[in-house]
Amino acid sequence: MIILGATPIGNLGDASGRLREALAAAPVIAAEDTRTARQLLRALGIEAQPQLVALHEHNEAAAAEGLVARARDEDVLVLTDAGMPTVSDPGYRLVQAAVAADVPVTCLPGPSAVLTALALSGLPTDRFAFDGFLPRKAGDRDRMLAAVAREERTLVLFEAPHRLAESVEAIGRAMPGRAMAVCRELTKRFEEVRRGTPEELLPWAQAGVKGEIVLVIAGAEPVLADEAAAVEQVLALRAGGMRLKDAAAEVAEATGHARNALYQAALAAGRG
């Protein structure tokens, strides 16, 4: 089968027991960087000598078919440099090919920069959206931020340290005053989480920041639907056979308007 192995994002102590067992037993390891994979084996004291095969963004499409064929007969452990394969890292095309070929795929869960940053951010965690790396070009980045500015879920993004100041400034233009957190070097010795608005964080970012960066941005506040439109929704539900009180309750839940206000407005429209 194909085995996706989550590797430490900084602290070696986060390597799971299952990952250690898989590293010791796997005959084949497909790694984003074979040198990094060798370093991980040595650091964890694992003496096994598996065959290491490169699997990175430039060769994944071509290598997937061969690895899937091998996985019919022996386990293929998939590693990226840090964190979970397929999440802004190689592995997706391999999994896609394995699924199409009916080859089993399993996962050894573990460290995730996305979830770690989300948990540390102090922002709502019940609903979130992960959008990978921000675009490198300023115009593309601005368009992407404008597109998600009204997203009500918490946003999680990756960014390179040398582009952090530009990105924080761009977030401030697209989402002025929005609460956010900049998380860097997660699980490492110099782990740091800075919280504030883009305007508050910009001077710190402009001073220069090093390390792996994860941005967490609060979702937009819900925008109330126009009350007249909400009343029309109530009336439409009523025309469809729903009780007026039930229709008002349903639309109130969806729009944020007061249930009683919608009910009274529908009555006043003379269709109650």
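Predicted model: local features only at pLDDT ≥ 70, side-chain atom pairs only at ≥ 80, totals over all residues.
Student: Hi! How much space lies in the largest pocket?

Tutor: Hello! About 1,000 Å³.

Student: Which elements give two or more residues to its lining?

Tutor: Those are α2 (34-43), α5 (113-121), β7 (154-159) and β10 (213-217). The largest share comes from α2, with five residues.

Student: And which residues lie nearest the centre of that pocket?

Tutor: Asp81, Ala82, Gly83, Asp89 and Glu212, out of 43 lining residues. The lining divides into 22 nonpolar, 12 polar and nine charged residues.

Student: Okay, what about Cys183, buried or exposed?

Tutor: Cys183 is buried, because its relative accessible area is 0% and the cut-off for buried is under 20%. Cys107 counts as partly exposed, at 30% relative accessibility.

Student: Now the rings. How many aromatic pairs turn up in the whole structure?

Tutor: Two. Phe130 and Phe158 pair edge-to-face, 5.1 Å centre to centre with 65° between the planes. That pair links strand β6 (residues 128-133) to strand β7, with the two residues 28 apart.

Student: What's the geometry of the pair of Phe133 and Phe158?

Tutor: That one is edge-to-face too, with 5.3 Å between centres and 65° between planes. Phe133 is in β6 and Phe158 in β7, so this pair ties together parts 25 residues apart in sequence.

Student: Which residues form the aromatic cluster?

Tutor: Phe130, Phe133 and Phe158 form one cluster. Phe158 counts as buried at 11% relative accessibility, while Phe130 is partly exposed at 27% and Phe133 is partly exposed at 48%.

Technical notes. Residues numbered from 1 in each chain as written. Heavy atoms only, no water. 1 Å grid on protein atoms, 1.4 Å probe; cavity = no way out; pocket = protein on both sides within 12 Å on 5 of 7 lines; lining within 4 Å. Points joined across faces, edges and corners; volume = space filled by probe spheres on them. Helix = DSSP H or I, 4+ residues; strand = E, 2+ residues; numbered from the N terminus. Nonpolar A, V, L, I, M, F, W, Y, C, P; charged D, E, K, R; others polar. Buried < 20%, exposed > 50% of the residue type's maximum accessible area, 1.4 Å probe, protein only. Phe/Tyr/Trp six-rings, centres within 6.5 Å; stacked < 30°, edge-to-face > 60°.
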